[in-house]
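Me: I'd like to go through this one with you. Could you take a look?

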Amino acid sequence: MATNGHTDPVLSLRNIVKRFGGLTAVKDVDLDVSGGEVVGLVGDNGAGKSTLIKCISGVYHPEEGQIIFQGKAAHFPRPIDARDAGIETIYQDLALAGNLNVGANIFLGREVRKSSLGGLIKTLNNKYMTNEAKKVVESLDIHLPNYEQQINNLSGGQRQSVAIARAVYWDAKMMIMDEPTNNLGVPEQRKVLEIIRTLRERRVPVILISHTLPDVFEVADRIVIMHRGRKVADKRVAETNSQEVVQYMVGALDDFPETRSA
Amino acid sequence: MKKLGLLAFVIILILSVSVVPAFSQDDDTIVIGFLPGVVDPFYQLMEIGVNQAIADSGLNIELVVQIPESFSPTTQTPLLDAMVARGDLDYLIVAATDKEQMVAPLQLAHDAGVEIISVDTFIGDGDYVNGPITFPLSYIGSDNAEGGRIAARALAANVGEEGKVYVQNVNPGISTTDQREEGFREGIAEFPNMEIVGVDYNEDNENLSVQQTAAVLEREADLVGIFGTNVFSANGAGIAVGNAGLSGAIDVIAFDATSFAAEQMRAGVVSMMIAQKPFDMGYLAVEMALAHNAGVTSVPKRIPTGYAVITMDNIDDPAIARFIYEVGE
Amino acid sequence: MSVNVNQGGEKSRYRQLILTLSRVWAWVFLAILIVFFTTSVNFSTDGSVNFLTVRTSQNILIAITPVLLMGLGQTFVIISAGIDLSVGWVMGLSSVVTALAARDLAAGGTEPYLAIFIGMVLGVVVAAIFGVINGVIIAKLKVPPFIVTLGMSFIARGTALLVGGGMTIGGLPPEFRNVGNEALFYLVSGGEKAGLYFLSAPELSRESLRSLDRIFSWPVVITTIFVAMAMFLLHRTRFGRHTLAIGGNAEASLRAGIPVDRHTILLYTMSAATAGIAGALHTARFSGGDARAGDPLLLGSIAAVIIGGVSLFGGSGTIIGTVIGALIIAVLQTGLVMLSVDPFWQFVVVGVVVILAVLIDQSRDLIIGRGDA
């Protein structure tokens, strides 16, 4: 379970600035994420975490700074462009069609078809899609009772894992998870954390946004703390503790005071 | 905003001042307004009658025509008001789109000095002598109940005065079609061996008319005739009869004689048409206006225009064929 | 992971039962209606009239053709969580355009059946243009479908009345009547000419006219083809899958790379086009172009879609459901007329069934839950 900080980072952010009118939501943020690394992104409400990841996933466009993804400067005009590049953002319930089954969701927008009526027309290959879905879901050590059922009939954690399985299936180069354990029961929270570990084993880097510090400490390799739009700490998990993290979160500690320009 | 309103007001004022004199004609010009119910061949034929009477009179007459886009007081009233607002109208030939709701607007027109002549439809109860409404000069039109009776008698004569008949009506609550149905009932009652087995309402939709008639054809194996209270009702009924393979075996009577109905008759879908005389209505309305203008004080308050019964036997007779509501394009 | 689902097998079985019932109730209801009318019509006429006949079934099939065609496009639109209120007058517009084009072409010397065909195609194309406009305004300008299609309904109405001069367009080539009223098969029951005839009816004497049944008239055949195509499209193709996905979660569909805007435009175009086909067939059946042909059918077609189990919130529904919905309404109307029930009751009964359908849909959602609600 190497957390290899020496390889080239998969994602590098340099001096990212995002303003909304007169308000600077993200101020000069640098961040590197390497293969197989789980980075916990924490901070109070309004600290700029969500704005930052939306800059990465193409929802927002930073005014200043650079995003370097897989060694190349990246610009994502739309969320779909970030996805096409391999950056998957997993929002709770936002990305699944609850009225479709597991296979349909995993292949949503990229349905596999077969020739029908003697090649006249292409029809959905549901059997193939369900089989593939089953394979990828089970590879994450998740067990779903029924693959034909609508996603609506699954529990919150099961749906979360389908979303993750979809990202895995489509060979995500990097995953951003926004509060993946919110509203989940305890056993399901454990399961999601387990999946994150599985992803690390597969060397898929993960940015994990969470309010639940114990979760972050449990799975993350590094922890990045934001306060009022700035990165105030970037520490290896082994080198810190939750008490210290809270100090950073409330602004009592600051590792990068030089970015606090007027 | 106030300034804008003032500007608009001034512009309107200037326009009206500059336009109004254009309308004021010599004193011997008679201005007649024609306001039918809606755009359709019936009223177009009526307009031809109006024009014919004006041409025949040889007098100096200006005709003003406005046609509502749908048969409703809501669309007719603004047109009426606009015509009255000209200020030079002497007579208004109008097919009121509602017998109650059009009373007040027409009363206002009358108060403004316009003589009202009802054509096709009436206001109040249609009795301009003893009824609640007496201000219009005359009501010239056919009696729908009488039309229903004529349909019943024509049908009876065709089927040997016996058998079951059925009525396809539009919607309850429409005065004309209700009266046609009522007259038809009275007419059938004159024949002891005839019976009306039912009435259905098709919402003026041929598809529903077909469906209802088809079901009745199943229910009543010995049906001999169907009365459609308007062209669509009759056409739908006729299609159902045709689909059941019973063309010719069951008579279908259409109230009104549009060119479309005539076409359906030639195709064997409809067997008989009860034609009103809109040309007569238009022509007589102008005649009455001119008579009144000339000082005649005994203009009849009610002029029934009667009906023509059109069948395949007489449709090619020019004397009858001219009652089909056909207007050149 | 399966903790939640496995707890309480009782509850799960109960849910499954409700789910199954809510899925098949329309079939059961239709079957009950047919049995009810068969026995009651038989009883009320002392056995002289039969509801369950070839002829009645054909009458019902013909009656549902326009409602069903409109309902096909509407099913797709409502599944995508939209609605199309313009199809009534769009159908009327198509009817008028079809009639005018066929009339003028035939008068100009074009071979009648070619003139009819071109006229019908033109009617459908004009209708489809209205659908494209609906779709573009809804997808690109983000105006709610209810408002756009309501407005478009008035525009189509005005256009239809303007184009047709507010009158029934007659003077069509007589062959038009054949397209609308002739049939695939003719069945003569009884008499010396008894038998099944293909494409044309035998000459019959006046007395034996009643023994002739037209089976699968052309509008029924054409509608059946479109029903089959719609079923295939919705349940077997990517287009159908995307329609369901957009209705289930438009945001997720967009994130998944589905071209939601383009798809929406296609859906409204399709809806208008099927209404256009209904209009062209109306002209054929009644040999007249009628601007008002579709307006009275609009609410019935939406009712059919809803009775058929399409959720107004989008995301679920089937084509066969819409067929069953249309059949239920037509069987009710025909059956009640055959029972000589006061016509006003027909509306009441249809209304009750529509509300019942929505109630069943909602109770299903309450019991099994919709999304994470």
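**Between chains B and C**

Reply: This is a predicted model. Across the interface of chain B and chain C, the rule finds 2 salt bridges.

Me: Which residue of chain B does Arg55(C) form a salt bridge with?
Reply: Arg55(C) pairs with Glu218(B), and the closest N and O atoms are 3.6 Å apart.

Me: Which elements of chain B give two or more residues to the side that touches chain C?
Reply: They are helix 2 (41-57), strand 7 (194-201), helix 7 (206-219), helix 8 (231-243) and helix 9 (259-266) of chain B.

Me: Which one gives the most?
Reply: Helix 7 of chain B, with 12 residues.

Me: How do the residues on that side of chain B divide?
Reply: There are 21 nonpolar, 13 polar and 10 charged residues on the side of chain B that touches chain C.

Me: How many residues are in contact, and what area do the two chains bury?
Reply: 44 residues of chain B are in contact with 43 of chain C. The two chains bury about 3600 Å² between them, with 51% of it on carbon and sulfur atoms.

Me: And how many residue pairs are in polar contact?
Reply: The count between chain B and chain C is 15, with both residues at pLDDT 80 or more.

Me: Changing topic. Which residues make the nonpolar surface patch on chain C?
Reply: Leu17(C), Leu21(C), Val24(C), Trp27(C), Val28(C), Ile32(C), Met231(C) and Ile320(C) make a patch of about 710 Å².

Me: Where does the largest share come from?
Reply: From helix 2 (residues 9-44) of chain C, which gives 6 residues. Leu21(C) lies in helix 2 of chain C.

Methods
Residues numbered from 1 in each chain as written. Chains lettered and ligands numbered in written order. Predicted model: local features only at pLDDT ≥ 70, side-chain atom pairs only at ≥ 80, totals over all residues. Heavy atoms only, no water. Contact = heavy atoms within 4.5 Å. Buried area = accessible area lost by both parts, 1.4 Å probe. Salt bridge = Lys/Arg side-chain N within 4 Å of Asp/Glu carboxyl O. Polar contact = N/O pair within 3.5 Å; in protein donor to acceptor, adjacent residues only side chain to side chain. Helix = DSSP H or I, 4+ residues; strand = E, 2+ residues; numbered from the N terminus. Nonpolar A, V, L, I, M, F, W, Y, C, P; charged D, E, K, R; others polar. Patch = residues over 30% accessible without salt bridge, like charges linked within 9 Å, V, L, I, M, F, W, Y side chains within 5 Å. Areas by Shrake-Rupley, 256 points an atom, 1.4 Å probe, with all protein chains shown as cover.
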